[in-house]
Amino acid sequence: MARSLTETQPRQERIGHEVDDTGADEAKAAIAAAAAAAGSVPGYDAHLEPDAEETRRALWKVDLCILPFIVLCFCFLQFDRTNIGNALTDTLAEDMHVDNADVNLAQTLFTVGFVVTELPFNLASRYVGPERFLPLTMFAWGTVTWAQVFVRDAAGLCAARFFIGALEGGYVPGFALYMAEYYTNGELALRFAVFWASNAFAGALGGPLSIGLLSLKGRGGLQGWQWLFLIEGIVTCALGAIAYLYLPHSAARPKTFFFGKKKKKSLSLNVFTERQGSILVTRVMRNDPTKALRHGHGKPAAVLPRHIVMTFADWRLYGHVLAGLLSMVMVAPMNTYAPSIIKSLGFTRLQANGLNSVGSICSLILSVSLAYSSDRSRERGIHIAAGYLVGAAGLLWLALAPSGVGKWTLYGGVVWTQMGMGSAQAISAAWLTTKMEDCKRPVALAACPSMSIATLLTWWGRNNKTDAPRYRPGLIIAAACAVAASVVILAWKLLYRVFDGGDGGFGEEKRPRMKEGVRG
């Protein structure tokens, strides 16, 4: 028997609730628009009734064929974002005649560029399609990355870092929205954790990779840091080209390329069978009908100016923005200076780059474990706060340990900080994605990382050579910010429970928002 989008919503979303009087018209309009849009979504089949085994196989195909490739691409984004930290353990500072202040300025301009393009690039990605737009930007920032080989002074470094940041804008929220087309809301936290764990994958692989690339010093007349930028930039460009060819428009719409005379021949790269594509699209639409609104006549729908205004007028956004901003204060300095901090503790250059990988491996384990626990326990806020507090503990460990302690004790603080930083980002993004209507999601997901401009601006000037190797003032500030982020996110959990029909964030709260009641 055919089922409409309204009928296929979970039972708890439809029974025992009534629409708030203040939002009744908006609710009816949203539901009607979602139902009407479903017919234009390629692959949606109201008559489809797959069995559990079919659904499991289709989902596994996403997990094995789409998610790992996106993670690989994200790893190289992170390599290109943070490889300056590895380069600083080589002779980059001497060869370019730069000091800490110049590096801080370059990294601040990186963040400025990132923020300037984050929202417009995400909106462009939504309209053009992230599977088209993001591989092109990836190729572009990869080109700037390898072009750093030719940089010779502080001005060139600042310009290169600005353009890398600007071209990376919109990448993370764009692919987060792309992934949301394959998974239901209750499945997003774990998958987002794997996606965000690319930071940890990159950190774990970046150390050994940088050791190998820096050891090429002298070959071809290039320094080690030049080989680092050159190889990682070229591989990024190659992955961008492959991503453009490989990633489907959606589960039900493969990439098709026309060639030959008058383009009569075509080649389609089908990741999913027609039925698997229909299963994936239909289950996502049934879980969250508002996702149908991102399609207009089978094509991506544009985000209108009123959607931007609506997003920034929504109080739910600001708890996630503020908590993310405060928590990111600890991420920015560690991404840039962790190898240098480890080296200054008494380790060699190669040891510092290798040891920098340990914290990333621990972060990978913690972030995936937190997300898995969050999905299983159906709780978000406490898990996010726990991730922030782990990072804060590591920062205080590194900053407040007595001066006479050994280098391995201090190194333990670095590892603990790296383990906690960023470990809760995925859960927060999944929570925000579920709480926001679909037309607001591109703006909301772009707004959160955009606000991170304050992190580098806060840190800039705190990392002085006189503070090395512990950087106590800055680390204490970062720890206080991480604790404050925990307080903010727990306060938002309470606000969701009081004013937004629950704090679960698993798609079980009625859209638009509901209040308890009994239908006559």
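Predicted model: local features only at pLDDT ≥ 70, side-chain atom pairs only at ≥ 80, totals over all residues.
Entry on Arg56. I looked up its accessibility and found 42%, so Arg56 counts as partly exposed, and I then turned to Glu53, which at 34% relative accessibility also counts as partly exposed. These two residues form a salt bridge, with the closest N and O atoms 2.5 Å apart. Both lie in helix α3, which covers residues 52-65, and they stand three residues apart, about one turn of the helix.

Entry on the salt bridges. Another links Asp500 with Lys435, where the closest N and O atoms are 3.1 Å apart. I placed Asp500 in the loop between α23 (472-499) and β6 (514-516) and Lys435 in helix α20 (residues 425-435), so this pair ties together parts that are 65 residues apart in sequence. Asp500 and Lys435 are both buried. Through shared partners, salt bridges join Asp314, Arg316, Lys435, Lys440 and Asp500 into one network.

Entry on Ala399. I found Ala399 in helix α18, residues 381-400, and its relative accessible area of 1% is under 20%, so Ala399 is buried. I also checked Leu410, which is 11 residues from Ala399 in sequence and 8.7 Å from it in space, C-alpha to C-alpha.

Notes: Residues numbered from 1 in each chain as written. Heavy atoms only, no water. Helix = DSSP H or I, 4+ residues; strand = E, 2+ residues; numbered from the N terminus. Buried < 20%, exposed > 50% of the residue type's maximum accessible area, 1.4 Å probe, protein only. Salt bridge = Lys/Arg side-chain N within 4 Å of Asp/Glu carboxyl O.
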